Amino acid sequence: LHILGKKHEKCAKILRRTLTVCLCVGILVAAVTGCFVFRGAMGSPGQDCRYVIVLGAGVNGSVPSLSLRERIDAAYEYLVAHPQAICIVSGGQGNNEDISEAECMFRELTAMGIEADRVWMEDKATSTRENLRFSLALIEQRTGSRPESVGLISSEYHLFRAGLLAEDEGVNAVGIPAETSWISLRINYFLREIAGVWAYWI
């Protein structure tokens with residue numbers, strides 16, 4: 001703009017103002033979206049749900065990643081507090097994973113004392129949309145009916161967008177947050193999630 005302004009001062013001013021307006025609009029939209037993401041991150045962890053779906057995250061070999069560990073711990077706490085709830089652990093097997101995310105969560109939860117018949121495995125999903133779609137299909141297959149609402153256990157920053165995807169599948173979602181322990185990661189993922197929400201809306 002500085003170079004352009006030497007020869008085309010008026011054009012440079014118009015361009016500068018246009019870019020400034022676009023930047024301000026972008027910051028405003030990001031802030032509003034961030035409010036939605038932050039509100040969704042609060043969830044409703046005390047609400048009773050017959051079925052809760054734990055959304056998968058990475059597995060290091062056969063060991064849960066930090067994000068997956070946090071989701072497993074949140075699922076354990078919820079299942080102990082709500083002994084009638086059935087848990088669907090959802091996630092397929094990706095690159096550098098010796099077992100599926102669902103298998104990893106099943107092993108961890110049962111080792112922690114959760115009864116195996118309360119943990120159903122959905123081990124084909126490769127995205128959040130598939131996590132929800134395949135898990136709902138599994139519930140319908142086992143029970144003969146599709147629930148009107150489900151609990152969603154995931155990292156807190158992920159709950160708003162996961163809830164939008166659940167609505168696309170025709171169910172109401174009750175967010176149950178798994179707290180991200182590292183503040184730096186939480187900030188990074190919250191910012192990334194804003195872009196994820198934009199991508200969803202687009």
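**Aromatic pairs and overall build**

Me: Start with F190. Buried or exposed?
Reply: F190 has 17% relative accessibility, so F190 counts as buried. This is a predicted model.

Me: Why does 17% count as buried?
Reply: Because buried means under 20% relative accessible area, and F190 is at 17%.

Me: And Y157, what's the relative accessibility there?
Reply: Y157 is at 4%, so Y157 counts as buried too.

Me: How many aromatic pairs in the structure?
Reply: There are six.

Me: Take Y51 and W120. How are the planes set?
Reply: The planes of Y51 and W120 stand at 50 degrees, with the ring centres 6.0 Å apart, so this pair is tilted.

Me: Which strands are they in?
Reply: Y51 is in strand β1, residues 51-55, and W120 is in strand β5, residues 119-122. The two parts are 69 residues apart in sequence, so the pair ties them together.

Me: Relative accessibility for those two, what is it?
Reply: Y51 is at 12%, which counts as buried. W120 is at 10% and also counts as buried.

Me: Back to Y157 and F190. What sort of pair do the rings make?
Reply: Their planes are at 65 degrees and their centres 6.3 Å apart, so the pair is edge-to-face. Y157 sits in the loop between β6 (149-155) and α6 (159-168), while F190 belongs to helix α7 (residues 183-201). They are 33 residues apart, and the pair links distant parts of the chain.

Me: Which residues do ring pairs link into a cluster?
Reply: F36, F160 and W201.

Me: Charges now. What lies over the face of Y51?
Reply: R50, at 5.7 Å from the ring centre.

Me: And over the ring of W120? What sits there?
Reply: The charged end of R142, 4.7 Å from the ring centre.

Me: Switching to the whole chain. How many helices and strands?
Reply: Seven helices and seven strands. From the N terminus the order is α-α-β-β-β-α-β-α-β-α-β-α-β-α.

Me: What's the radius of gyration?
Reply: The chain has 21 Å, whereas a compact globule of 202 residues would be near 17 Å. The C-alpha trace spans about 75 × 35 × 25 Å along its principal axes.

Me: How much of the chain is buried?
Reply: Buried residues are 43% of the 202. The chain exposes about 11,200 Å², with carbon and sulfur atoms supplying 57% of that area.

Me: What about contacts, what share comes from residues 24 or more positions apart?
Reply: 68% of the contacts with a separation of 6 or more.

How values were computed: Residues are numbered from 1 along each chain as its sequence is written. This is a predicted model: local features need pLDDT of at least 70, side-chain atom pairs count only at pLDDT 80 or more; totals for chains, interfaces and linings use all residues. Side-chain values use heavy atoms; hydrogens and water are left out. Rings of Phe, Tyr and Trp (its six-membered ring) pair if their centres lie within 6.5 Å; planes under 30 degrees apart count as stacked, over 60 as edge-to-face and the rest as tilted. Helices (H or I, at least four residues) and strands (E, at least two) are DSSP runs, numbered from the N terminus. Buried means under 20% relative accessible area, exposed over 50%, partly exposed in between (1.4 Å probe, protein chains only). A charge sits over a ring if NZ of Lys or CZ of Arg is within 6 Å of the ring centre and within 35 degrees of the ring normal. The radius of gyration is taken over C-alpha atoms; the globule rule is 2.2 Å times the number of residues to the power 0.38. Contact means heavy atoms within 4.5 Å. Accessible areas come from the Shrake-Rupley method with a 1.4 Å probe; for residues, only the protein chains shown count as cover.
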